[in-house]
Amino acid sequence: MADVEEQKFNSLADRIAALNKQKNFTSPPTSGKRPPPPPPPGPGKLPSQTSTPNANRFVPPKSPNIPARPQNQNPPSLPHRTNTSELAVELPPPLPGRDAPPPLPNRKNSAQPSPALPSRRPSAQPFQSRRGSNSSEVSHISTISNLSLNPVSSRTSTTSTETQSTRRVLAPTLDQAKLPPLPPSRKDREAQAAREAAEKEATEVIRAPMLSARSAPTVPQSRPGLPPRLPSRSDNSPAHSQANGSPSINSRRLPPPPTAFVRPATTFDSSRTSGTPSSRSRDDGPPPVPISSRPSFSQIDAVAVRTNTSCLICRDFSAPDSVAAQYPNYSLPRHDPVGYLASVLCGPFPSATDKARAIFTWCHHNIAYNVEEFFGKCIKGRSIDETIFHGKAVCQGYAEVYQAIAQRAGLQCVVVGGHGKGYGYTPLTRGERPPPRDATGHAWNAVCIDNGEWKLLDACWGAGSVGDQQYHKGFKPQMFCLSNDLFGLKHFPSDDRYFFRNDGRIPTWEEYIVGPIKGEKAEFYGTATDEGVSEFTFSPAEKHIPVYSGEVVRFQFSKVCEHWIPERNGKGRSYLLLMKIQGVDGRKEDMIPLETDGFWWWTDIPARDLGAPGQTIFLYALTTLNNKDARGVSKEEYYRTKNSGGYSMSWAVYAKWELV
């Protein structure tokens, strides 16, 4: 291939002018692939400049054959530029091996005017005042960006082409007047309810309730209706002396007031009076009850026994006590004696109270207090089975045996440890400070009986007592029957959860040690409790009685329970109670019988007649008279026997006081 001499130009403007003369520019191909550069023209051959009728029409040239690439890899040397002003006639060929840029297309020099824009369609929306950018129609319709709903690629133009087919039509403006009303607030509802209630109350007509003829019988207005009449009693009934017109206010009867002092205004009248029945006209009362239908006293007592099961003092425990006496410890099987006792003692009774009582009574019959080990200070630890067969234990052993049998029988039972005012306890004197708290030294039980009630009991103290370093066996049922409040007067648990008081209160250690009496308590003996006399109601409760006080001293006592009947709950008819005094200045002994109403015993004695300071007075029970049992002896019979001259008497001591 021959070398072509490249035309030389002196300036860029000359080169552009030469290119404009050639008129052979071609537009870039329509295909995506760039065509190869045209071959260089032959020597001496000029491009055709002949004009055609359709000179402005673009005719793409045919692509010539691609010549073979020269072997010379080095580019040819640039020709020497000379300063010449001659116009170049022919276009120099492109450099071999270099891609020449495509020629620029011919600009169409059109003189036609630009087409006019179409007329704008008038808006159907009413003209409003101009709004800010934040209150435009689009902002009122939606706050969601159109680009967020239709994401556009970063390579794609987001220019809108406002065409008729793709233009989005906006929804009309929402009319605020057509919005649904908001629900009323709570304040509005309350105000509306108050207004409605006021209007209803103002317009409501109050009418008297309508009563049927059966539900509203005609009642005379002269006096109120009478209560149901009680069964008639004979004249020798103990309750015959009570006035019919003045029923008792309190359930517990009060003793008569002392005869030598003015009764305060807050003292209640005695429920028992010696007057006759009220003089109410017989015509106003109901007709008399026929004598043939009058129940006997035995029938009334039988009904009282069946219905009174909540009071443990007067409850009949003869069945559990008799069962407990049938199984001595030497007759028990050596294998599992606890399970055997739980079966034979508690199996016959559905009541949890009867089961607890049977175990309590069995401990009295079969376990004695181990005075040898207690006073020898060599108490040995034994298992439950060993204690049962050994037949001796201290308070801890009693409590553990009771708990084991009760739990095997299905009862809830715990061992309670604490302090007890038993053997070796010395009451505080008046003004003496209580010792530091030491809730140790004793043990008892708490068992769940009927109705889910937790009952405190002491099987050790209920089996007997200790005196002169000897054990005195004696059944004390009050250690099972006492209420938890009275039980707590002599028992203080180390754990406050085991007081089980009815009022839920937890007494303090000082309150327990001092007791309800602010001083030394009078000595009270257990024989009185066996006869149904309560140690918690006798008066005076203090041990020391001043002689020269100038007062009249009231001595009074009551039964352990209002339902307690000596013939049924005790050993027979009650003994006659007497006060043994020393006379004025201690010069004459005397025995004064106490009055009684069947529940209270009382007598009033001037303090000067009690004796001299340093002497002792006693409460006696007349047990024998002329070598006969003195149960049921009355006050009149005692005076007749005493005035007869020759007689013999014996007494039992119930209480003791000291004169100061």
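In this predicted model, A356, I359, F360, W362 and C363 of helix α8 meet Y398, V401, Y402, I405 and A406 of helix α11. By class, this contact has 10 nonpolar residues, no polar residues and no charged residues. Helix α8 covers residues 352-366, and helix α11 covers residues 395-408. Their axes come within 10 Å and cross at roughly 145 degrees. The crossing of α8 and α11 is right-handed.

Strand β4 spans residues 442-448. Of its 7 residues, 7 are buried, so β4 is largely enclosed by the rest of the structure. In a regular strand, side chains alternate between the two faces of the sheet. From β4, H442, W444, A446 and C448 point one way. A443, N445 and V447 point the other way. Residues of both sets are buried.

Strand β4 pairs with two strands in turn. With strand β3 (residues 413-420), the pairing is antiparallel and runs over 6 bridges. Here G418 stands opposite H442 of β4. With strand β5 (residues 454-457), β4 pairs in the antiparallel sense over 4 bridges. K455 in β5 is the bridge partner of V447. The hairpin of β4 and β5 has 5 residues between the strands. In this hairpin, N451 takes a positive phi near 65 degrees.

Salt bridges were examined next. Side chains of opposite charge can pair when their charged atoms come close. The structure holds 23 salt bridges. One of them joins the side chains of K490 and E535, at 3.6 Å from N to O. This pair links distant parts of the chain, 45 residues apart. K490 lies in the loop between α14 and β8, and E535 lies in the loop between α16 and β10. K490 is partly exposed, with a relative accessible area of 30%. E535 is buried, because its relative accessible area of 17% falls under the 20% limit.

E523 and K656 also meet through their side chains in a salt bridge, at 3.5 Å from N to O. The two residues link distant parts of the chain, 133 residues apart: E523 is in strand β9 and K656 in strand β18. E523 is partly exposed, at a relative accessible area of 27%, whereas K656 is buried, at 19%. Both residues belong to a network of salt bridges that links E520, E523, K543, K656 and E658.

A further salt bridge joins the side chains of R587 and D585, at 3.5 Å from N to O. R587 is exposed, with a relative accessible area of 67%. D585 is partly exposed, with a relative accessible area of 31%.

How values were computed
Residues are numbered from 1 along each chain as its sequence is written. This is a predicted model: local features need pLDDT of at least 70, side-chain atom pairs count only at pLDDT 80 or more; totals for chains, interfaces and linings use all residues. Side-chain values use heavy atoms; hydrogens and water are left out. Buried means under 20% relative accessible area, exposed over 50%, partly exposed in between (1.4 Å probe, protein chains only). Two strands pair if DSSP finds at least two bridges between them. Axes are lines fitted to C-alpha atoms, for helices over the stretch in contact, and angles run from 0 to 180 degrees between N-to-C directions. A crossing is left-handed if the near helix is turned anticlockwise from the far one by less than a right angle, and right-handed if clockwise. Contact means heavy atoms within 4.5 Å. Ala, Val, Leu, Ile, Met, Phe, Trp, Tyr, Cys and Pro count as nonpolar, Asp, Glu, Lys and Arg as charged, and the others, Gly among them, as polar. A salt bridge is a side-chain nitrogen of Lys or Arg within 4 Å of a carboxyl oxygen of Asp or Glu.
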